[in-house]
Amino acid sequence: MIAVARGVEVTLELRARLADLYCDYDNALNDGEFERWPELFIDACVYKVLPRQNYERGLPVAVIYCESRDMLIDRVVAIRETALYAPRTLRRFTTGICLHAISDDGLRLTANFAALQTMQDQPSKPFLCGRYQDRVVDNAGVLRFAERLCIYDSTIVPTSLVYPL
Amino acid sequence: MIAVARGVEVTLELRARLADLYCDYDNALNDGEFERWPELFIDACVYKVLPRQNYERGLPVAVIYCESRDMLIDRVVAIRETALYAPRTLRRFTTGICLHAISDDGLRLTANFAALQTMQDQPSKPFLCGRYQDRVVDNAGVLRFAERLCIYDSTIVPTSLVYPL
Amino acid sequence: MIAVARGVEVTLELRARLADLYCDYDNALNDGEFERWPELFIDACVYKVLPRQNYERGLPVAVIYCESRDMLIDRVVAIRETALYAPRTLRRFTTGICLHAISDDGLRLTANFAALQTMQDQPSKPFLCGRYQDRVVDNAGVLRFAERLCIYDSTIVPTSLVYPL
């Protein structure tokens, strides 16, 4: 279940439904079920991975920049069939999921993420951490991401961002 | 409180009870109250720590392999009285607890774990991360683990797995 | 939402309110809204950051030792105006929030924290991890910290503890 910011009123049921969405997201990616990942977004979604520095200065460059679910599907195909990379596991830990506002265009949430990467014959290491900044909408009875910004803290470009965050 | 997978219906109360079990587990181990650890399992329990590689290929070898609560108790005695190891703290962070199915033999859950180890005069470091794969049963009104697999991501054998995960 | 220890009875609503407080705390610090931090404590609060070694032996020395909200405000002013330090991000991950007891002087809780620090042009690294030990009170309808001990696992003194935990 998730937290809500002061002044926001929600039912325990909505808190639980949002917790389920966030957990489903991490499970799909952590378990390598990448095909399930685009299903958690609406068609006209925005998904970006970008450094905090760029985000705070309003600079548009992002390491990953997708403007529709189709672009997410494209990315999954790339991971499965065309991209070349050393085998690895990327495990995401999401904490502090917080609902900040409910407006006509959806629910505004933030959360912290830490991703630990494990390469073959190496110990697990912190890969990236930062803040999710999300807009979630009710899509015919199912909660889905309309927008997810993965704003990472580091100022260095992650050289091998193979899997989504 | 925990999340549930799509299609699974549970009360908020059961979510809360499961959250309490998972938290109790981490607290017992994180605070070094090892004697409380076996009490969180049923008598005929299974507890294993094994690499993801072995798990996925169906290979039986595990780093820790216990097939009853008595074997867990035995392990605690070893930690307290016979094992020799450098002093350390192992702190477990569990996120993404998710109830996937409810069947006759219990509740099926998964969760992510990250364990940070702190040796004397050294900074805290990631030790192991991976996925818990659990079966939980209602044992005379108390939720307990019937099975807990600690499937870690790394392909290298942890040389000093002193404390349970 | 948070967990409760065996034998403690609370409503789901109180669990949710406590989750909100804990999340608000992490958000204020993770987002650099330091001015919001003292507001989460009562006037006559205690806030300490100390090593587990000292805590367990009852030794009083702490790396940060504040005995009132005013001292917290003072610290924020220092961070903003007088302290000199290299730019960094400190992101806190709190898991396993557990309510252990409800007594006349407030609610007793513990939680695990891991703080990942990101320096400029460097990857994110574990900075400190440990256990929060808290007393929370209802302050005219708002939950606030009366006492927060940040007991870190490491035995080495963190040389650059710029931001609070």
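Predicted model: local features only at pLDDT ≥ 70, side-chain atom pairs only at ≥ 80, totals over all residues.
User: Into how many nonpolar, polar and charged residues does the lining of the second largest cavity divide?

Analyst: Over the lining of the second largest cavity, the division is twelve nonpolar, three polar and no charged.

User: Thanks! Which residues are the closest to the centre of the largest cavity?

Analyst: The search of the whole structure gives four cavities of 30 Å³ or more, and the largest has a volume of about 710 Å³. Its lining draws two or more residues from each of α1 and β4 of chain A, α1 and β4 of chain B, and α1 and β4 of chain C. By class, this lining has 21 nonpolar, nine polar and three charged residues. Of the 33 lining residues, the closest to the centre are Met1(A), Met1(B), Thr94(B), Met1(C) and Thr94(C).

User: Now the open spaces: which element gives the most to the lining of the largest pocket?

Analyst: The largest pocket has a volume of about 670 Å³, and the closest of its 27 lining residues to the centre are Asp20(A), Val4(B), Ala5(B), Arg6(B) and Gly7(B). At least two lining residues come from each of α1 (12-30) and β7 (142-152) of chain A and α1 (12-30) and β4 (88-103) of chain B. By class there are eleven nonpolar, four polar and twelve charged residues in this lining. With seven residues, the element that gives the most is α1(A).

User: And how many residues does α1(C) give to the lining of the second largest pocket?

Analyst: This pocket holds about 500 Å³ of space, and of its 25 lining residues the closest to the centre are Val4(A), Ala5(A), Arg6(A), Gly7(A) and Asp20(C). Two or more residues come from each of α1 and β4 (88-103) of chain A and α1 and β7 of chain C. The classes are eleven nonpolar, four polar and ten charged. α1(C) gives the most, and its count is eight residues.

User: Turning to the interface, what area do chain C and chain A bury between them?

Analyst: On the contact side, 29 residues of chain C touch 27 residues of chain A. In chain C, the residues that lose the most area to chain A are Met1(C), Arg91(C) and Phe93(C), together 25% of what that side buries. Carbon and sulfur atoms carry 54% of the buried area, and the total is about 2,200 Å².

User: Finally, how many salt bridges does the rule find across the interface of chain C and chain A?

Analyst: Let's start with an example: the side chains of Arg15(A) and Asp20(C) are 2.9 Å apart, N to O. For salt bridges between chain C and chain A, the count is four.

Key. Residues numbered from 1 in each chain as written. Chains lettered and ligands numbered in written order. Heavy atoms only, no water. Contact = heavy atoms within 4.5 Å. Buried area = accessible area lost by both parts, 1.4 Å probe. 1 Å grid on protein atoms, 1.4 Å probe; cavity = no way out; pocket = protein on both sides within 12 Å on 5 of 7 lines; lining within 4 Å. Points joined across faces, edges and corners; volume = space filled by probe spheres on them. Helix = DSSP H or I, 4+ residues; strand = E, 2+ residues; numbered from the N terminus. Nonpolar A, V, L, I, M, F, W, Y, C, P; charged D, E, K, R; others polar.
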